[in-house]
Amino acid sequence: MMGVNYYEQARAKFGPETSDFFRLFMVPGMGHCSGGIGPDQHDAMTAIINWWRRRRRPIPLSREDREGHVVRTRPLCPYPQVAGYSGQGSIGDAANFRCAAPVTRKDAEDR
């Protein structure tokens, strides 16, 4: 939680504009630097350049099989947002996900 705590401290100091110059991206299902059950392949440098210069978001992630074929993609969302499935299309395709605030237990109970 050190990364989350640091981000929250920066946001508390600099306010909502913090996301104009500083963002935190958590990769669900990825091990420390790679591996795990989730998508873990991305070109971080190009993603940062596109985010800053072109305002292109979200950052795409992919998972490859042993032969190097892409088997799953997901958008990488800025914290605290998470990728949520739209309910239509393949769950392996990032195009069918949107970055949004996470659903809390209270939100789910209110539905």
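1. The lining of the second largest pocket draws at least two residues from each of two strands, β2 (70-76) and β3 (82-85). Strand β2 gives the most, with 3 residues. Strands (E, at least two residues) and helices (H or I, at least four) are DSSP runs, numbered from the N terminus. The model is a predicted one, in which local features need pLDDT of at least 70 and side-chain atom pairs count only at pLDDT 80 or more, while totals for chains, interfaces and linings use all residues. Residues are numbered from 1 along each chain as its sequence is written, and side-chain values use heavy atoms, with hydrogens and water left out.

2. The second largest pocket holds about 230 Å³ of space. A pocket here is an open set of points on a 1 Å grid over the protein atoms alone, where a 1.4 Å probe fits, with protein on both sides within 12 Å along at least five of seven lines; lining residues have an atom within 4 Å of a point. Grid points are joined across faces, edges and corners, and the volume is the space filled by probe spheres set on the points. Among the lining residues are Met26, Pro28, Arg74, Leu76 and Tyr79. By class, this lining has 10 nonpolar, 1 polar and 1 charged residues. Ala, Val, Leu, Ile, Met, Phe, Trp, Tyr, Cys and Pro count as nonpolar, Asp, Glu, Lys and Arg as charged, and the others, Gly among them, as polar.

3. In the largest pocket there is about 380 Å³ of space. Of its 15 lining residues, Phe25, Met26, Val27, His42 and Leu76 are the closest to the centre. Helix α2 (residues 44-53) supplies the largest share of the lining, 4 residues. The classes are 11 nonpolar, 3 polar and 1 charged.

4. As to the overall fold, the protein has 3 helices and 4 strands, in the sequence order α-α-β-β-β-β-α. Of the 111 residues, 21% are buried, where buried means under 20% relative accessible area, exposed over 50%, and partly exposed in between (1.4 Å probe, protein chains only).

5. Gly38 lies in the loop between α1 (2-14) and α2 and, at 5% relative accessibility, is buried. Its C-alpha atom is separated by 9.0 Å from that of Arg74, 36 residues apart along the chain. Apart from neighbours within four places in sequence, Gly38 is in contact (heavy atoms within 4.5 Å) with Pro28, Gly29, Met30, Arg63 and Arg72.

6. The whole structure contains 5 aromatic pairs. Rings of Phe, Tyr and Trp (its six-membered ring) pair if their centres lie within 6.5 Å; planes under 30 degrees apart count as stacked, over 60 as edge-to-face and the rest as tilted. Phe14 and Phe21 have ring centres 5.6 Å apart and planes at 85 degrees, so this pair is edge-to-face. Phe14 is partly exposed at 44% relative accessibility, and Phe21 is partly exposed at 46%.

7. The rings of Tyr85 and Phe97 have centres 5.5 Å apart and planes at 50 degrees, and the pair is therefore tilted. This pair links distant parts of the chain, with Tyr85 in strand β3 and Phe97 in strand β4 (residues 97-100), 12 residues apart. Tyr85 is partly exposed at 37%, whereas Phe97 is buried at 8%. Ring pairs also link Tyr6, Tyr7, Phe22 and Tyr79 into a cluster.
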